[in-house]
Amino acid sequence: MFTTRLIHAHEKKVLVLAALILFIAIAVPASNLLLDPGNPLHVPSHVVPLFGKYLCYALLALALDLVWGYCGILSLGHGAFFALGGYAMGMYLMRQIGARGVYANPVLPDFMVFLNWKELPWYWTGFDSFPFAALMVLLVPGALAFVFGWLAFRSRVTGVYLSIITQAMTYALLLAFFRNEMGFGGNNGLTDFKDIIGFNIQAPETRATLFAITGIVLALVLLLSSAIVQSKYGKVLIGVRDAESRTRFLGYRVENMKLFIFTFSAMIAGVAGALYVPQVGIINPGEFAPANSIEVVIWTAVGGRGTLIGPIIGAVLVNFGKSIFTAAFPEFWLFALGALFVATTLFLPKGIVGTIQQGFASRRDYKAAAEAEKGRTVSTRDPVDVQPQAAE
Amino acid sequence: MLTVDNINLHYGAAQALRGVSITAPMGKITCVLGRNGVGKTSLLRAVTGQHATSAGKVTFNDTIMNGMAPYNRARLGVGFVPQGREVFPLLTVKENLESGFAPVARKDRFVPEEIFALFPILKSMLGRRGGDLSGGQQQQLAIGRALVTRPKILVLDEPTEGIQPSIIKDIGRAIQYLRDSTGMAILLVEQYLDFCRELADHVYIMDRGEIVHEGPAETLDTPEARRHLTV
Amino acid sequence: MQLTSRTLRIVLLFLGLGLAFATGARAQDALKPLIDGLGATAFPQKVEAVKQLAATGDPKVPGILEKLSAGALFAPKTGGAVYLVEGDVVSDPVTGAPVEGVAAGSLQKIRLNNMLRGAIGDAMSQLTLLSPDRTARLSAAQALLASGDTANLALLDGALAKEGDAEVKAAMESARAVLILKTDTSAEDKKAAIENVAARGDRGALNILTAALATAPPDLVPVIQSRIDGITSSLAIWDVVQNVWYGLSLGSVLLLAAIGLAITFGVMGVINMAHGEMVMLGAYTTYVVQQTVASFAPGLSTFSLAFAVPIAFLFTGLVGVAIERGIIRFLYGRPLETLLATWGLSLILQQTIRTIFGPTNRQVDNPGWMSGTFDFGGLAITWNRMWIIVFSLAVFVALLTLLKRSRLGLQMRAVTQNRRMASSMGIRTPMVDAMTFGLGSGIAGIAGVALSQIDNVSPNLGQNYIIDSFMVVVFGGVGNLWGTFVGAMTLGIANKFLEPYAGAVLGKILILVLIILFIQRRPRGLFALKGRSIE
Amino acid sequence: MDQKITNSLLYLDGVSVSFDGFKALNSLSFVVAPGELRAIIGPNGAGKTTMMDIITGKTRPDTGTVYFDGQIDLTKKDEADIAQLGIGRKFQKPTVFESHTVWDNIELALNRKRGVFATLFYTLTPADKARIEEILETVRMTARKDHLAGSLSHGQKQWLEIGMLLAQEPKLLLVDEPVAGMTDAETTETAILLKEIAKTRSVVVVEHDMGFIRDLGVKVTCLAEGSVLAEGSIDFVSNDPKVIENYLGR
Amino acid sequence: ADDTIKVGVLHSLSGTMAISETTLKDAMLMLIDEQNKKGGVLGKKLEAVVVDPASDWPLFAEKARELISVDKVAAVFGCWTSSSRKSVLPVFEELNSILFYPVQYEGEESSRNIFYTGAAPNQQAIPAVDYLIANEGVERFVLEGTDYVYPRTTNKILEAYLISKGVAKEDIIVNYTPFGFSDWQTEVAKIKEFGSAGKKTAVVSTINGDANVPFYKELGNQGIKATDIPVVAFSVGEEELAGLDTKPLVGHLAAWNYFQSVDAPANAEFIKQWHAYTKNDKRVTNDPMEAAYIGFSAWVKAVEAAGTTDTDAVLDTIIGTSVPNLSGGYSTVMPNHHITKPVLIGEIQADGQFEIVQQTPQVVGDEWSDFLPDSKDLISDWRKPMSCGNFNVATGKCGGKGS
Ligand SMILES: Nc1ncnc2c1ncn2[C@@H]1O[C@H](COP(=O)(O)OP(=O)(O)OP(=O)(O)O)[C@@H](O)[C@H]1O
Ligand SMILES: Nc1ncnc2c1ncn2[C@@H]1O[C@H](COP(=O)(O)OP(=O)(O)OP(=O)(O)O)[C@@H](O)[C@H]1O
Ligand SMILES: NC(N)=O
Ligand SMILES: [Mg+2]
Ligand SMILES: [Mg+2]
């Protein structure tokens with residue numbers, strides 16, 4: 001039943017975007033591998049991991065939007081789940097290096113060797129197996145989100161208080177992962193990977209495949225998310241976002257509602273991180289930096305929160321811009337990026353997608369109003385907050 | 001005197017007022033009635049400047065108020081008791097009242113004793129936060145607060161909502177007293193027919209964003225007026 | 001060490017004999033080879049030479065050592081004869097007579113290092129122990145106490161016998177007690193010395209007693225042990241006091257950093273990510289003011305901080321007003337979007353400062369009255385921390401008064417709770433909004449003035465405080481100034497109690513975890529707003 | 001005593017609650033029988049809304065017992081539990097989901113399984129659809145079913161909230177000032193509606209509109225200063241000198 | 001265009017590292033400018049391609065890839081933190097390009113495609129503690145560092161080294177603080193306490209970047225003078241001192257391979273160029289700038305020798321290349337991709353400069369520390385036929401220690 005809804009109940013836009021992503025997921029790698037470099041349609045090799053990175057960010061932004069846009073939980077710590085997923089993958093990749101490290105130690109990664117570690121810490125066990133690592137990619141962020149959410153939602157921590165403790169969480173993890181004693185390579189993190197399930201991680205084919213997988217995962221998660229937000233559960237989430245206590249008085253267990261989406265979202269973020277690491281080639285504690293999590297919020301806001309398409313567009317656009325600007329105007333790109341953020345808030349108050357949607361909606365309304373005017377019946381869909389001075 | 005001349009008001013695409021004109025003379029109580037959602041509150045928003053009008057003119061004592069910010073209207077003497085009370089929830093009762101000092105001259109920056117005479121409960125709860133009051137207490141506070149600004153016209157949106165009968169009577173008496181003693185204009189939106197009938201000098205009835213009836217209070221009982229007030 | 005003091009004693013002995021019949025000229029002859037020893041290439045040799053010079057007791061020596069300190073003594077690169085070089089004039093360091101035939105260019109300044117500077121200091125104190133100048137004697141006695149070199153015992157005994165000034169005498173007694181404990185003397189003497197040392201009660205005394213314990217005769221052991229225990233327990237108490245003080249001091253920094261945010265975020269609800277940059281602007285204002293004062297009115301340099309406070313307040317306040325009018329005012333009712341806009345703004349402000357002042361740190365000096373320490377019981381209190389605490393309290397009280405007592409304060413709160421209704425009450429909301437944001441920014445600016453005294457003045461300054469500031473405001477309870485105050489102090493003190501045990505990194509992690517857990521208990525912060533209106 | 005608890009749907013005894021030292025409820029005792037429609041009046045600040053807060057789990061009493069449907073101790077339950085037990089509430093200040101349509105507001109209120117997975121896999125059955133349409137008809141919102149609730153006028157929100165209450169199909173309805181801001185005609189309608197509802201369940205209604213109370217024609221409790229001042233028929237209560245003194249005025 | 005040779009400059013111009021790295025970007029632009037004045041390389045002008053990796057490590061990898069694949073640069077000069085170097089290392093190996101890394105680091109790395117022109121621990125840390133023991137009579141050590149890999153490794157090496165020198169274990173404490181740490185009260189008090197035990201104590205500081213200013217301010221305020229407890233730092237140079245009032249800090253030390261105060265004609269010329277280029281005669285020079293200078297000169301010389309910028313050819317010719325450094329001698333690129341240079345110990349002066357108190361002869365950078373058990377048998381030699389970054393002299397095989 002759920003699967004049928006997966007196909008039927010989506011908004012058309014979402015289906016179109018999912019199809020587009022799938023197309024890109026296939027077309028980009030195909031063009032990179034099959035077309036020769038002279039061909040105008042050829043996608044150069046360095047672009048593949050770059051766009052792969054954007055897709056991972058899009059997945060992360062989508063995950064954040066599920067909790068923020070739809071449930072009103074402004075998580076300033078989603079980067080933590082992303083990073084944990086990334087570390088789980090990174091640990092697997094580290095173990096794959098085997099005796100090819102500089103010290104040729106078949107068990108210990110190099111950074112442990114030169115800091116005199118004698119044996120692999122217990123929490124590294126199992127990471128030589130891909131299925132285990134893949135499971136951990138979901139379980140570690142999921143479990144952290146579950147425990148964190150269980151505590152916080154049960155205690156009814158909401159609003160900025162929740163935001164700030166999620167920030168505290170990622171900040172604490174940042175400091176912890178910086179510590180060399182943690183056994184995750186300190187600030188250098190995990191890097192210099194060799195291969196993934198037996199394939200050379202630097203081979204164009206592997207890159208192309210990773211890209212395709214990322215695209216497919218993004219499309220699937222988009223459809224899944226769409227099914228979720230279209231369901232009655234999705235409506236309850238919006239209810240929680242707008243009037244939490246009212247939802248409670250209707251008999252919904254708000255804490256469970258939040259916990260489910262928070263955990264789900266954390267797992268998606270973990271998957272995004274896991275896909276990210278082999279494509280960029282490094283995972284280090286910098287990913288836990290509070291600023292990174294804030295940036296995710298910003299991509300989402302730029303694209304349009306509370307829409308499924310918005311975060312994807314926002315993440316890709318902002319990061320694409322960042323890639324271009326940092327090379328084109330290395331000294332001034334922060335002005336451009338900063339101005340983009342300010343301008344978005346001022347001129348596109350609901351983000352890119354949100355504003356476009358609203359534009360369509362109000363065109364429809366004005367048409368309907370004009371119709372109604374002829375028939376003299378007040379029957380229009382009233383946009384809610386268009387007054388110049390909305391009260392809070 | 002307040003004159004509203006042929007105004008329109010829109011919420012986005014939806015039109016809430018269509019060519020509404022009313023007058024509220026000084027020293028008189030003018031009452032606007034109508035069913036839910038016909039545009040009464042919208043009319044008051046147009047008068048107090050909380051929402052822009054898209055056509056028409058609003059004048060008070062020969063000053064054209066179109067485009068004027070609410071605080072400047074308050075300085076002209078427009079006092080407002082909104083629907084839903086809108087007291088400042090985290091300010092104490094005393095501070096809520098004092099928030100009305102903004103538009104008044106320095107010498108008038110005190111809370112007139114009549115307010116406490118009218119609503120004794122406020123005096124006993126000066127230190128409590130506005131948001132903690134009961135609904136009816138908040139309504140009393142909202143009226144008291146508007147009076148602190150020494151308005152020349154008092155605009156009230158369903159002031160009896162949620163208030164106990166004895167105090168409704170007091171409010172009625174107070175409104176009359178204010179009209180008679182200060183000569184201020186009073187513009188009252190009400191659902192409570194008996195209350196209106198007793199107080200009003202002049203009534204308007206609205207329906208679907210338009211004025212559909214006007215006349216002295218007695219005309220409320222005409223079948224034509226009744227028709228607009230029943231479902 | 002051992003060797004050095006033995007040689008020194010021999011030299012001293014020799015000196016005692018020698019001085020009796022030495023003539024001025026002979027002494028000069030004796031000095032010359034010692035002075036040339038200063039020209040050695042290795043520092044230990046130079047140190048030895050200084051010691052020997054001091055041991056001569058020759059009145060010329062202090063002058064020569066001063067020249068050495070000032071970098072006026074030169075020697076050939078490979079070592080050898082030492083000359084005094086002033087400008088292009090090369091002269092004999094002892095007689096001051098010009099020396100012909102030696103070019104200043106062929107010589108190299110005799111390098112000093114810390115060990116050599118220390119040796120010079122010791123030598124000077126030996127030589128000035130009998131100086132007629134009281135302060136010179138006092139500092140000489142203190143230096144002897146610090147060096148604890150037993151070779152000076154005889155010297156000290158001699159000086160003590162002549163000393164008339166009580167304070168200097170006490171200092172000498174202390175120094176002597178330290179030396180006594182290191183030598184073999186009578187039990188009586190030692191006992192007195194133990195009491196003298198123990199009376200100091202500080203960590204240095206503890207170390208001396210602990211060292212003495214190892215070599216003490218058995219009958220003195222219990223006495224020493226009991227003194228050690230006494231000092232240890234009083235030190236433990238002072239440790240706690242010290243942690244509290246450090247905590248308050250950290251707390252006051254957090255308070256300063258957060259208090260502007262308590263207005264723009266706590267009162268207005270603007271998620272002000274550019275708050276840190278306002279602090280940074282304040283710090284740069286301090287820099288500019290200091291530079292300006294230094295170049296136009298150098299005499300007023302000590303007061304440049306005092307000028308910086310109002311100027312930073314006005315400047316950042318105006319920037320705040322401009323931001324509010326230009327951006328924030330379009331965002332009321334959309335609090336989350338202020339996050340996006342102010343984040344963008346913070347990037348722009350950082351890069352602007354980077355473009356104007358460059359990416360590196362700017363130097364802001366501490367005025368004299370903000371440098372150094374004073375002792376309070378067993379506590380060494382640094383002046384700059386002290387003033388920052390006082391300053392932060394003053395800012396807090398002023399702000400509290402403004403918000404609670406002034407008309408503007410009332411209007412600010414009314415506007416931020418219900419802007420539309422406030423307007424209908426006749427409150428000029430645009431003015432109040434601009435003033436409120438300006439005030440919060442201005443306060444952030446003066447926080448920057450204070451922070452410039454203890455931290456980097458760099459474009460990244462603000463980034464270092466923004467997270468902590470939000471933590472403090474939220475931990476204390478949004479919208480409550482007292483919450484911010486108590487929150488800052490609590491976090492400061494908790495941090496300083498954890499740090500010695502857990503280390504700085506783990507300590508900070510623990511603080512974050514504690515904040516997370518604390519919020520579970522009090523989901524609306526320390527000073528939660530309670531009541532019906534809070535859903 | 002036990003008998004009284006088991007025979008009642010709602011049973012409050014000795015309930016007190018104070019805020020910063022102010023006693024909002026003072027040893028209040030109050031019983032509602034199954035199928036009873038009960039009106040509550042009382043001066044502003046008497047504690048009527050606070051009593052509803054206690055019953056629905058929003059506020060915890062300092063002392064006293066609150067039982068529902070026999071032996072269920074409501075003071076041990078939270079809001080969601082209590083709602084699931086079958087207690088529905090309309091707030092004094094209308095609260096609806098502003099960014100949902102009128103239809104979705106009703107759909108969310110509908111009395112169906114409320115777990116995460118139940119809602120995730122929920123599909124709108126024809127029966128549910130019919131039920132929602134029926135409710136929309138009852139509260140006269142059919143024409144506005146696709147409007148966002150945020151764009152409704154004050155009175156329209158009141159109606160929507162009554163609709164949501166109906167959709168919840170609770171055993172006990174707590175209705176706080178339902179006719180505030182309604183015209184006289186609508187007030188009469190509401191009275192009829194509530195009486196209709198009370199045929200199958202219990203209703204507690206708080207109002208200041210004495211005409212409306214009279215229309216209901218049921219037992220009236222008058223609260224004052226946190227406890228019961230008078231109880232009985234409307235004529236009995238409205239002639240009580242204390243009630244006149246404290247509430248009705250002269 | 002084909003008539004220019006592109007050179008990548010990969011330093012953060014924003015974010016936390018901008019404070020250190022921006023200067024290196026400027027220095028590189030100046031060097032390239034000067035080279036072009038001399039006619040460029042191989043008859044072609046050099047063209048700098050500057051990008052901003054924004055202190056974000058994955059972005060370093062992305063930008064490195066872009067420089068090599070899109071801009072087709074002949075070599076890249078860049079990175080500051082080890083993390084950023086670790087991030088780009090696989091990219092340089094994969095795309096076979098060259099990186100010159102100009103900052104002192106922890107060692108324990110050797111890549112065919114990277115040249116380490118900053119100091120390895122034996123070119124900075126070890127001579128510094130030698131100096132403390134010999135010339136300051138220090139017997140007790142506080143190893144104070146920022147909590148990351150460079151200090152951790154350096155301190156591991158130093159601990160082993162000190163113990164081998166006969167320093168007692170209880171006379172060494174190691175302490176770490178987070179990045180950007182600013183409240184030093186407790187830490188400094190701890191140092192003071194540790195130093196009050198009667199033995200001469202010194203602090204060996206691997207405190208990084210921003211945290212130094214508040215650290216020294218606190219030292220000054222708590223009245224710790226260099227004559228009491230000297231601090232020798234490995235990350236504090238002229239640039240860091242520019243943000244500090246150094247009067248209370250006179251006598252504290254730093255160990256580098258270059259100080260601006262070096263008295264050598266090459267240095268005077270360099271400083272002159274720098275002041276002219278930046279149009280600011282207050283701008284200071286520092287050690288990483290010298291390292292960048294050496295790396296750049298060696299690359300130019302190697303390219304001229306190879307007659308091409310082709311990576312493999314340059315990798316061959318550059319080994320053994322000797323270029324003047326700024327301390328008056330020559331630095332040679334060694335087969336292990338590290339260079340030779342003297343170690344200088346300087347004391348902070350009131351004017352923010354260093355007074356050089358000791359200078360060693362040339363020291364060869366040692367990538368694999370002799371004081372770590374797992375690397376003492378390793379050497380690196382990128383000449384043919386060995387061509388190995390981790391040759392094990394004990395087993396005689398390339399490829400690390402094995403076990
Ligand atoms: N903020 C808003 N956005 C969009 N539409 C609105 C808004 N406020 C009111 N409306 C619409 O405008 C019309 C008039 O509303 P108004 O609030 O003026 O009615 P009213 O006469 O005051 O009703 P009531 O008696 O229920 O208070 C209604 O149809 C309502 O749906
Ligand atoms: N959180 C609180 N803090 C302080 N006082 C409170 C709080 N909640 C309620 N009160 C007080 O308790 C009393 C009872 O309030 P309640 O809202 O129950 O009255 P009510 O009977 O519903 O009145 P109304 O008819 O005006 O709605 C009031 O005096 C109110 O001010
Ligand atoms: N290599 C360094 N200093 O990180
Ligand atoms: Mg209305
Ligand atoms: Mg009530």
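I started with Leu38(C). Leaving aside neighbours within four places in sequence, Leu38(C) is in contact with Lys46(C), Ala49(C), Val50(C), Leu53(C), Leu68(C), Leu73(C), Val82(C) and Ile110(C). Contact here is heavy atoms within 4.5 Å.

This is a predicted model, where local features need pLDDT of at least 70, side-chain atom pairs count only at pLDDT 80 or more, and totals for chains, interfaces and linings use all residues. Residues are numbered from 1 along each chain as its sequence is written, chains are lettered from A and ligands numbered from 1 in the order written, and side-chain values use heavy atoms, with hydrogens and water left out.

**Magnesium, ligand 5.** I checked the donors (N, O and S atoms within 2.8 Å of the metal, or 3.2 Å for Na, K and Ca; water is not among the atoms, so sites may look incomplete). The protein donors are Thr49(D) through OG1 and Gln92(D) through OE1, 1.9 to 2.2 Å from the ion. Thr49(D) sits in helix H2 (residues 48-55) of chain D and Gln92(D) in the loop between strand S6 (87-90) and helix H4 (102-109), so the pair ties together parts 43 residues apart in sequence. Helices (H or I, at least four residues) and strands (E, at least two) are DSSP runs, numbered from the N terminus. Thr49(D), at 18% relative accessibility, counts as buried. Gln92(D) does too, at 13%. Buried is under 20% relative accessible area, exposed over 50%, partly exposed in between (1.4 Å probe, protein chains only).

**Magnesium, ligand 4.** Here I found Thr41(B) (OG1) and Gln83(B) (OE1) as protein donors, 1.8 to 2.1 Å from the ion. Thr41(B) is in helix H1 (residues 40-48) of chain B and Gln83(B) in the loop between strand S6 (78-81) and helix H3 (93-98), so this pair ties together parts 42 residues apart in sequence. Gln83(B) is buried, at 14% relative accessibility.

**Chains E and C.** I then turned to the interface. 51 residues of chain E are in contact with 48 of chain C. I noted five salt bridges across it (side-chain nitrogen of Lys or Arg within 4 Å of a carboxyl oxygen of Asp or Glu). Arg385(C) and Asp183(E) meet in a salt bridge at 3.2 Å, N to O.
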